[in-house]
Structure formats: C-alpha cells, structure tokens
Amino acid sequence: MISKGIVIQCRKGNRNAQKALYKAFAQKMFMHCYRYVKQKEDAEEILSEGFIKVFANLSKMEYRDSKSFEGWIKQIMVNECLMFLRKQKIKFSDHKVTFQVEIDHSVEDDLMAEDIYKLIRSLPVGYRTVFNLYAVEGYSHREIGQRLNISESTSRSQLTKARKKLQELMGKRK
C-alpha cells in the first residue's frame, strides 16, 4: 500500500520514494502486462515505459487513496500494452487459428489460477487483447472498438472466439 506521503516524495524526485513505489507495484503490473504479450522481454519493456510515464505524470495525478492510485497505474500499463500491440500491427481476423499449449497438470481437477493465466496467454493476440480488455479490465465493446480502432462487432466476435477457444482448451485439460 502506497501512502500519499510516498507519492508527494516521488513528485519531489526522492529516489528512495520512487524505488518504494516501483517495488510496491512492479510485480503486479508486470504480470498484468505479460497477459497481453507473449515474451517476458516485451512485458519488461512495457513495464519500464509505463513507469516512466507514471513518474512523469505524478504531478498531474490527484491522489485519493491507494486503490485509486493503483487503478491509475494499471490504466497507464494497459495503454502502454495497447500502444505496444499497435506497433506490432496486430490483426483481428476471422480465419481459424490452431495452436497447442502445454499446461502444468496439478493433482486437483480444477484449473489453478496459473493454468488459467497460461490459457489466456496462449490465445492469439487479437483474441487475447479483446478478452483482457473486456473480461479482465471491464471495458465495453464500444470502448474496445475505439481503443483498438475496430468495430464493436469485431470486438464481440473476437471475444466470442476467445471464450470458445478457452472452453475448448479447458475441456482438453480435464
């Protein structure tokens, strides 16, 4: 939990406060970024760019509480992920994609959080991006369409295909 005092110190350029802020959120935000991209190196790059923006924009941010502050950082990371994916020229297609994913099988029959995370990460980039924005981040199809420069119907289609593929993969898991 980051206090308003730490944020104030970060705004003043206090390196120890900046380090504390980074340490408090880096791992969680890395995992968040890694849901959008395939390579750890890409997630690390996005995380770095995101924190540069966090520190550059702290003076514009009004600190209300730790939870809203975390949401603000998360929003910056989502924006950085989307910018990264735009640079990769992601395509949202209707053609069928086949792939396999290896899941660590646990003793229990239920999917563990890590298994679900791996399944989401195994989705094609278009499916994964829309799924993350809709199911995880809570954006509407209209908002997703605006952010990704696609139609609402394409967003719906990508989400439907992502869900279908996840169900298929979960069925293979059992």
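**Entry 1: axes and angles.** Before looking at any helix pair, I noted how axes are handled here: they are lines fitted to C-alpha atoms, for helices over the stretch in contact, and angles run from 0 to 180 degrees between N-to-C directions. I also kept in mind that this is a predicted model.

**Entry 2: helix 6 and helix 7.** I started with helix 6 (residues 125–136) and helix 7 (residues 141–148), whose axes come within 10 Å and cross at roughly 135°. That angle makes helix 6 oblique to helix 7. I looked up the hand of this crossing too, and it is right-handed. Next I listed who touches whom: Thr129, Val130, Leu133 and Tyr134 take part from helix 6, and His141, Ile144 and Leu148 from helix 7. Sorted by class, this contact of helix 6 with helix 7 has five nonpolar residues, two polar ones and no charged ones.

**Entry 3: helix 4 and helix 6.** I then turned to the packing of helix 4 against helix 6, where the axes lie 12 Å apart and the angle is about 160°. Angles over 145 count as roughly antiparallel, so helix 4 is roughly antiparallel to helix 6. The crossing of this pair is left-handed. On the helix 4 side I found Val78, Leu82 and Leu85 in the contact, facing Val125, Thr129 and Leu133 of helix 6. I sorted these residues as well: five are nonpolar, one is polar and none is charged. Going back over both lists, I saw Thr129 and Leu133 of helix 6 in the contact with helix 7 and again in the contact with helix 4.

**Entry 4: salt bridges.** How many salt bridges does a search of the whole structure find? I got six. One that I looked up joins the side chains of Glu70 and Lys28, at 2.5 Å from N to O. Glu70 sits in helix 4 (residues 66–87) and Lys28 in helix 2 (residues 15–34), so I was pleased to see that the pair links distant parts of the chain, 42 residues apart.

**Entry 5: confidence.** The chain has an average pLDDT of 84, and 84% of the residues score at least 70. Which elements have the highest and the lowest mean pLDDT? Helix 3 (residues 40–57) has the highest, 95, and helix 5 (residues 113–122) the lowest, 78. Over residues 94–111 pLDDT stays under 50, although the model has 32 contacts beyond four places in sequence for them. A reminder to myself: where pLDDT is low, the predicted coordinates should not be read in detail.

Note on methods: Residues are numbered from 1 along each chain as its sequence is written. This is a predicted model: local features need pLDDT of at least 70, side-chain atom pairs count only at pLDDT 80 or more; totals for chains, interfaces and linings use all residues. Side-chain values use heavy atoms; hydrogens and water are left out. pLDDT is the predictor's confidence in each residue, from 0 to 100. Helices (H or I, at least four residues) and strands (E, at least two) are DSSP runs, numbered from the N terminus. Contact means heavy atoms within 4.5 Å. Angles under 35 degrees count as roughly parallel, over 145 as roughly antiparallel, 65 to 115 as roughly perpendicular and the rest as oblique. A crossing is left-handed if the near helix is turned anticlockwise from the far one by less than a right angle, and right-handed if clockwise. Ala, Val, Leu, Ile, Met, Phe, Trp, Tyr, Cys and Pro count as nonpolar, Asp, Glu, Lys and Arg as charged, and the others, Gly among them, as polar. A salt bridge is a side-chain nitrogen of Lys or Arg within 4 Å of a carboxyl oxygen of Asp or Glu.
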